[in-house]
Amino acid sequence: DAWGLDDIIVARVRAAAGPGVAVRRLSYTNGAFTPYNHPKPALFHNAQDDLTAIVRQIAANANCERYVVVTKLNGVLDGTNQTLLGVGVLNHGTSLFSRTHLFVNIHVTVFDGQTFAIHSNPSVSLGTVLAGALEMTALRGPHRELDNALYPANAAAAANSATLRDGARALLAETLDKTLPAILAP
């Protein structure tokens, strides 16, 4: 919350939607996305069904044409079991070969405002999947390398770092600016 990431998302959706399109932020309780982020084990589980149910509940009386939902996406550092969830900072490697990165792993889902059907995502294609698979870095998805000295000593230091906050906000905005226009096209 202190980094204002939700504010960046609303601003970039507003910019991508264009003039004359009303964009508003819907409020939700702090734990609203827990069933989606931490589903109960089940034999047949569909995360999209969980997300749809959550969006239906949040948007019950909002009467919007579409709902844009940005969720955390699980990424993995190649060659490890390290999960990179959402927006964060990572230091990997050893001593002289250590590298520090900001990363943004998000997924944008657009729901129809009446039926809550999920719109198809035009940015996901065989070409984009293959391009990501051929990328020659251990860290896939939007990321920006930082000076190793910027890696925080602990979570509190990361939360209070203006450099990390501003870098994460800029990377999130850049990522949304690349993906939202195609996703929101009529």
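From the N terminus on, the elements of the protein chain run α-α-α-β-β-β-β-α-β-α-α. That comes to six helices and five strands. Helices (H or I, at least four residues) and strands (E, at least two) are DSSP runs, numbered from the N terminus.

The model is predicted, so local features need pLDDT of at least 70 and side-chain atom pairs count only at pLDDT 80 or more, while totals for chains, interfaces and linings use all residues. Residues are numbered from 1 along each chain as its sequence is written, and side-chain values use heavy atoms, leaving out hydrogens and water.

**Confidence**

The mean pLDDT (the predictor's confidence in each residue, from 0 to 100) of the protein chain is 85. Of its residues, 90% reach 70 or more. Confidence is highest in α1, at a mean of 95, and lowest in helix α4 (residues 126-134), at 39. Over residues 124-138 the pLDDT is below 50. Beyond near neighbours in sequence, this stretch has 11 contacts in the model. A contact means heavy atoms within 4.5 Å.

**The chain as a whole**

Buried residues make up 31% of the 186 residues in the protein chain. Buried means under 20% relative accessible area, exposed over 50%, and partly exposed in between (1.4 Å probe, protein chains only). The accessible surface of the protein chain is about 11700 Å², and 56% of it belongs to carbon and sulfur atoms. Areas come from the Shrake-Rupley method with a 1.4 Å probe; for residues, only the protein chains shown count as cover. Among contacts with a separation of 6 or more, 64% join residues 24 or more positions apart.

Is β4 enclosed or open? Of its 14 residues, 11 are buried, so β4 is largely enclosed by the rest of the structure. Two strands pair if DSSP finds at least two bridges between them. The pairings of β4 are listed here.

| Partner of β4 | Sense | Bridges |
|---|---|---|
| β1 | antiparallel | seven bridges |
| β3 (residues 83-92) | antiparallel | seven bridges |
| β5 (residues 143-146) | antiparallel | four bridges |

V70 stands opposite V108 in β4. L102 in β4 is the bridge partner of V89. L102 also stands opposite R144 in β5. β3 and β4 form a hairpin with six residues between them. In the turn, G93 has a positive phi of about 105 degrees.

N91 is found in strand β3. With a relative accessible area of 27%, N91 is partly exposed. Leaving aside neighbours within four places in sequence, N91 is in contact with S98, R99, T100, N148 and Y151. N91 and L102 are 11 residues apart in sequence and 9.1 Å apart in space, C-alpha to C-alpha.

**The nonpolar cores**

In soluble globular proteins, nonpolar side chains tend to be buried together. A nonpolar core is a set of buried Ala, Val, Leu, Ile, Met, Phe, Trp, Tyr and Cys residues joined through side-chain atoms within 4.5 Å. Which members of the largest core touch the most other members? Of its 21 residues, they are V13, L102, L164, L172, L176 and L180. α1 (5-17), β4 (99-112) and α6 (162-184) are the elements that give two or more residues to this core. α6 gives the most, with nine residues. Apart from this core lies another, of 13 residues, including L51, V55, A62 and C64.

Not counting residues up to four places away in sequence, L102 touches G88, V89, P142, H143, R144, L146, L164, G167, A168 and L171.

**Helix α1**

α1 has 13 residues and reaches 18 Å from its first C-alpha to its last. That is close to the 18 Å expected at 1.5 Å a residue, the expected span being 1.5 Å times one less than the number of residues. Its buried residues are I8, I9, V10 and V13. They pack against β1 (66-72) and α6. After α1 comes G18, with a positive phi near 95 degrees.

Most residues other than glycine have a negative phi. N63 has a positive phi, near 55 degrees. N63 is found in the loop between α3 (47-58) and β1. At 67% relative accessibility, N63 counts as exposed. F116 also has a positive phi, of about 65 degrees, although it is not a glycine. F116 is found in the loop between β4 and α4. Its relative accessible area is 10%, so F116 is buried.
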